Amino acid sequence: MIRKIHGLILTIGLFIIVGCGDQMPDEVIPPAQMENILYDYHLSLGMSANLNYTDNYMKTSYMNYIYQKHNITEAEFDSSMVWYTRHTGELAAIYTNLSERFRKEKQHVTMFLEARQEGEFVSMPGDTVSVWPYRTLYWLTSTPLNNMFTFELTADSNFHSKDAFLWKANYTFLAEGQATMALNVMFDNDSVIGQSKQIVSSGMDSIYLHSDSAYNIRKVQGFIYLKADSSQIASLLVNDLSMTKYHMEKDSVEVSQDSIPTTQVREPKIHSEKLKEIAPDEKIRLQ
């Protein structure tokens, strides 16, 4: 998908010529903000191309999400696009930046896939580091093959016993529904600690998990599952995904957290392994 978007942007750029240099009216969306809006817009176009006919309503849902995310109205977006198409020099600069962003995005995904295939992915050292290597934005629906995503992080030499993990995500419900967020830490002796929570409203949420075992960490797993009745049409955008690893000293005193169950949080037994992501067409398979 990223290749198609990149090609589309380059094609648009070839037809853009320098326009007149009139001053930009105050009501027109500024170039930096417009670039971010068009970035999300082209991602939505690439994703919408793969929707089934019965899921076409999601195109409108995602555009509404874009307007909400960037705090604009549809009318403001449309009128600003009219101005930019009449001032093609400004539009050309925006699409030049977009082309570079998608090129880097494709490069990042390619490098990540190659590292995963060759077993070379290694986290950064340090006491407080980000260890989230996956996409930061996913779209879940009530469709059985698209209602859950899972991930697995294999521990490397920078993981230590008693490390703590903070997994965060921003939820936006585009239609009625609720979700389950779950995180597990597995150890060399096959023991597991885990925590889960129900997500019933839009907003930022997180899970904090402290691995108090003396055994080495083998891997970290998690999932987000969108629950809906068969009669419901549910849709959920999961954005700003991140995971931070904290190296905890033996005598450290941590801030009080919610109680953590000592048994593994199991994934729902559903036929749902395919992940619909707002991302390139190279699918990241999380084994």
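**Aromatic pairs, cores and backbone angles in a predicted model**

Mentor: The count comes to 11 aromatic pairs, where rings of Phe, Tyr and Trp (its six-membered ring) pair if their centres lie within 6.5 Å. This is a predicted model, in which local features need pLDDT of at least 70 and side-chain atom pairs count only at pLDDT 80 or more, while totals for chains, interfaces and linings use all residues. Residues are numbered from 1 along each chain as its sequence is written, and side-chain values use heavy atoms, with hydrogens and water left out.

Trainee: What makes Trp132 and Tyr134 an edge-to-face pair?

Mentor: Their ring centres lie 5.4 Å apart and their planes are at 85°. Planes under 30 degrees apart count as stacked, over 60 as edge-to-face and the rest as tilted, so the pair is edge-to-face. Ring pairs also link Trp132 and Tyr134 with Phe151 and Trp167 into a cluster.

Trainee: Why is Trp132 called buried?

Mentor: Trp132 has a relative accessible area of 10%. Buried means under 20%, exposed over 50% and partly exposed in between (1.4 Å probe, protein chains only), so Trp132 is buried. Tyr134, at 5%, therefore counts as buried too. In the protein chain, buried residues make up 46% of the 287 residues.

Trainee: What makes a set of residues a nonpolar core?

Mentor: A nonpolar core is a set of buried Ala, Val, Leu, Ile, Met, Phe, Trp, Tyr and Cys residues joined through side-chain atoms within 4.5 Å. The largest has 34 residues, and those with the most contacts inside it are Phe151, Trp167, Val220, Ile224 and Met243. Among the strands that each supply at least two residues of this core are strand 4 (164-173) and strand 8 (217-227). A second, separate core has 25 residues, including Tyr39, Leu98, Trp139 and Leu237.

Trainee: Which residues are in contact with Ile224, leaving aside its neighbours within four places in sequence?

Mentor: Contact means heavy atoms within 4.5 Å. The partners of Ile224 beyond those neighbours include Leu140, Phe149, Trp167, Tyr171, Met181, Val238 and Leu241.

Trainee: What makes Arg101 a charge over the ring of Tyr39?

Mentor: The charged end of Arg101 is 4.1 Å from the centre of that ring. The rule requires NZ of Lys or CZ of Arg within 6 Å of the ring centre and within 35 degrees of the ring normal. The charged end of Lys245 sits over the ring of Phe159, 5.4 Å from its centre.

Trainee: Where does Lys162 lie, and why does Lys162 count as partly exposed?

Mentor: Lys162 is placed in the loop between strand 3 and strand 4. Its relative accessibility is 23%, which therefore falls in the partly exposed class. Phi of Lys162 is near 70°, a positive value in a residue other than glycine.

Trainee: How far is the backbone oxygen of Lys162 from a polar atom of the side chain of His210?

Mentor: The distance is 3.1 Å. A polar contact is a pair of N or O atoms within 3.5 Å; within protein, one must be able to donate a hydrogen and the other to accept it, and residues adjacent in sequence count only if both atoms are side-chain atoms. His210 lies in strand 7 and, with a relative accessible area of 17%, is therefore buried.

Trainee: Why is Asn71 called exposed?

Mentor: Asn71 has a relative accessible area of 69%, so it belongs to the exposed class. Asn71 lies in the loop between helix 3 (57-69) and helix 4 (74-86), and has a positive phi of about 55° although it is not a glycine. Helices (H or I, at least four residues) and strands (E, at least two) are DSSP runs, numbered from the N terminus.
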